[in-house]
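Please keep the sequence and the model in view while reading.

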Amino acid sequence: MFEIFGIPSQALFGQLLLGLINGSFYALLSLGLAVIFGMLNIINFTHGAQYMMGAFVAYMLLQYLGLNYWAALVIVPILVGATGIAIERLFLKRLQKLDHLYGLILTFGLALIIEGLFRNYYGSSGQPYAMPESLRGGRNLGFMFLPNYRAWVIVFSLTVCLATWFAIERTRLGSYLRAATENPTLVRAFGINVPRMVTLTYGFGVGLAALAGVMAAPIYNVSPQMGSDLIIVVFAVVVIGGMGSIMGAIITGFVLGIVEGLTKVFFPEASSTVIFVIMVIVLLIRPAGMFGRSA
Amino acid sequence: MQSAAEAPVMPVRRETTPSVGVAFAAMVALLAAAPFVVYPIFLMKALCFALFACAFNLLIGYVGLVSFGHALYFGWASYLCAYAAKSWGMEPGLAVIVGTATAAVLGVIAGSIAIRRQGIYFAMITLALAQMMYFFALRAPLTSGEDGIQAVPRGRLFGVFDLTDDMTMYGVVLVVVLAAFVFIYRIINSPFGEVLKAIRENEQRAISLGYQTDRYKLVAFVLSAALAGLAGSLKALVFQLASLTDVHWTMSGEVVLMTLVGGLGTLFGPVVGAFLIIAMENYLAPFGQWVLVIQGAIFVVCVLVFRRGIVGELANRLRVAL
């Protein structure tokens with residue numbers, strides 16, 4: 001046990017770890033928002049609700065079908081991603097030619113519907129989700145105690161983020177995707193089914209949100225409003241990072257999580273607002289965002 | 001806003017036709033007679049929200065700026081008005097001015113930050129700023145946190161009109177809201193308003209014509225914030241309460257809903273939308289969380305098949321400006 005700046009190392013590293021956890025959720029969610037924005041030109045306000053759905057579907061699978069965490073980790077993103085595909089086909093497809101604002105308002109409305117439905121059936125209080133057996137406990141690193149589950153969340157979400165980055169920036173499929181973002185008409189002329197790609201991209205972004213929801217379930221209580229508060233913070237993260245860059249979204253997410261964690265240690269009163277304050281400062285100094293080209 | 005083809009459906013005509021005069025006279029007559037038929041507290045609530053929605057519409061409908069954080073001005077004005085009336089014992093008229101001025105100052109700060117980015121980012125920035133001030137309201141001693149500022153005295157306006165009487169209070173609210181409505185009408189039809197509409201249609205072109213669009217946008221933003229603050233201040237006096245509900249993001253969403261239902265960029269749309277949504281909430285209150293689902297469904301339906309809103313659709317059918 002030692003102290004850094006008068007703060008016991010246990011507390012400092014504990015909050016740093018918590019910050020990293022939050023950071024992995026910020027990264028996963030802002031990554032999904034950036035991918036969706038790239039293809040659909042829509043800010044997906046439903047993202048928070050879809051994250052919440054991820055956590056709830058995992059809870060329901062365990063409660064009603066007895067399917068454990070590992071099964072949920074695979075099934076939930078597919079299920080929730082499928083609802084995303086339905087949403088894109090039914091609603092978002094019709095908004096392509098309209099102003100941005102309608103996409104924002106429509107997805108906001110969908111978020112209200114989803115949150116309202118879950119509140120109806122589960123109330124506002126949270127439901128606990130048991131941690132998977134194999135990830136309970138933790139290890140003592142000498143300077144801090146590291147719970148296994150938290151280590152897993154950080155490593156796994158970092159892997160998913162980097163895999164997504166690789167898929168978009170370094171594979172053939174990704175190059176189609178980037179080309180379609182730049183010029184959909186031309187890409188279609190090459191015989192590539194762009195509308196299907198748009199639909200699948202939305203489904204994939206939603207799946208990422210759901211995956212974050214499953215990982216969050218054992219840490220936070222599963223509650224209907226868990227998404228709506230988070231999504232606004234993620235919006236600030238997206239404004240700070242700029243949506244032009246996949247890697248930018250990932251880095252900004254993790255860094256801001258850490259900054260938030262450190263603020264909890266040194267200046268706890270400001271911990272809920274620090275990301276917004278950083279957003280204001282970034283807007284004043286670099287209006288296009290840290291990784292964005294001009295808006 | 002990119003090109004004219006993608007811009008939201010909004011009337012381009014000047015709204016100075018006789019139809020506006022007729023509709024305004026009808027609105028005044030209806031609202032003057034209403035308190036003898038309908039519960040005045042309900043009417044005052046609807047009027048406050050009507051003004052709030054008109055203020056919001058000034059920005060979204062006439063400048064094309066989507067603010068998703070207007071609860072910030074509404075809520076903080078209501079806090080400051082309530083605080084001034086209760087803790088400083090201010091006369092109600094002054095308290096309302098304090099609230100409105102607070103909103104204007106917040107509008108200057110938030111507006112000059114938010115207009116640094118366009119389009120979708122603008123919406124996200126306004127939302128994030130409002131959320132920041134929500135957390136601040138949660139902690140600041142001035143707001144009394146979860147309890148809110150309760151038992152705000154309505155007092156005597158100018159030392160003459162006793163506002164504790166609901167009918168007198170209604171008269172005052174009606175006069176203020178109508179005056180603000182006329183003020184907004186004047187803004188929209190002034191040379192300044194024409195520049196705002198030019199920015200909405202094509203900002204690049206407005207810039208190339210020599211307009212400093214950022215300044216116009218900021219002034220419009222501050223006007224909108226101040227008027228939203230006026231609405232919030234009145235609401236604090238009417239309900240004798242300023243609470244966290246008024247600064248929460250759901251409130252920002254509600255004002256979008258009212259304006260959308262009534263008709264974006266129409267003069268009377270926000271008023272109609274506000275009355276409709278407030279009536280709906282009153283009627284559906286016993287159904288609890290279903291209100292959220294129904295609100296969401298109205299959003300979806302409006303965006304998919306009813307983008308003109310009620311008044312916009314009506315104006316289009318009758319081929320008049322409303």
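Two residues are taken to be in contact if their C-beta atoms, placed from the backbone, lie within 7 Å. By this rule, 36 residues of chain A are in contact with 38 residues of chain B. The model is a predicted one.

**The side of chain A that touches chain B**

- Helix H4 (100-122), helix H9 (226-241) and helix H11 (274-285) of chain A are the elements that give two or more residues to the side of chain A that touches chain B.
- H4(A) provides the largest share of this side, with 16 residues.
- By type, the residues on this side of chain A comprise 24 nonpolar, six polar and six charged.

**The packing of H9(A) and H11(A)**

- The axes of H9(A) and H11(A) are 9 Å apart, and the two helices pack at an angle of about 25 degrees.
- Angles under 35 degrees count as roughly parallel, and H9(A) and H11(A) are therefore described as roughly parallel to each other.
- The crossing of these two helices, H9(A) and H11(A), is left-handed.
- On H9(A), the contact is made by Val233(A), Ala236(A), Val237(A), Val239(A) and Ile240(A).
- On H11(A), the contact is made by Ile275(A), Phe276(A), Ile278(A), Met279(A) and Val282(A).
- The residues of the contact of H9(A) with H11(A) comprise ten nonpolar, no polar and no charged.
- As background, an α-helix has 3.6 residues a turn, so residues three or four places apart point the same way.

**Ala151(A) in helix H5**

- Ala151(A) is placed in helix H5 of chain A, which covers residues 148-170.
- Is Ala151(A) buried or partly exposed? Ala151(A) counts as partly exposed because it has 17 C-beta neighbours inside 10 Å, whereas a buried residue needs 20 or more.
- Leu135(A) is 16 residues from Ala151(A) along the chain, and the C-alpha atoms of the two are separated by 9.3 Å.

**Two helices of chain B**

- Helix H1 of chain B (residues 18-33) has 16 residues and reaches 23 Å from its first C-alpha to its last, close to the expected 22 Å.
- Of the 16 residues of H1(B), one is buried, so this helix lies largely in the open.
- Helix H3 of chain B (residues 71-86) also has 16 residues. From its first C-alpha to its last, H3(B) reaches 22 Å, close to the 22 Å expected.
- H3(B) is mostly covered, with 15 of its 16 residues buried.

Technical notes: Residues are numbered from 1 along each chain as its sequence is written. Chains are lettered from A and ligands numbered from 1 in the order in which they are written. This is a predicted model: local features need pLDDT of at least 70, side-chain atom pairs count only at pLDDT 80 or more; totals for chains, interfaces and linings use all residues. Helices (H or I, at least four residues) and strands (E, at least two) are DSSP runs, numbered from the N terminus. The expected span of a helix is 1.5 Å times one less than its number of residues. A residue is buried if 20 or more other C-beta atoms lie within 10 Å of its own, exposed if 12 or fewer, and partly exposed in between; C-beta atoms are placed from the backbone. Ala, Val, Leu, Ile, Met, Phe, Trp, Tyr, Cys and Pro count as nonpolar, Asp, Glu, Lys and Arg as charged, and the others, Gly among them, as polar. Axes are lines fitted to C-alpha atoms, for helices over the stretch in contact, and angles run from 0 to 180 degrees between N-to-C directions. Angles under 35 degrees count as roughly parallel, over 145 as roughly antiparallel, 65 to 115 as roughly perpendicular and the rest as oblique. A crossing is left-handed if the near helix is turned anticlockwise from the far one by less than a right angle, and right-handed if clockwise.
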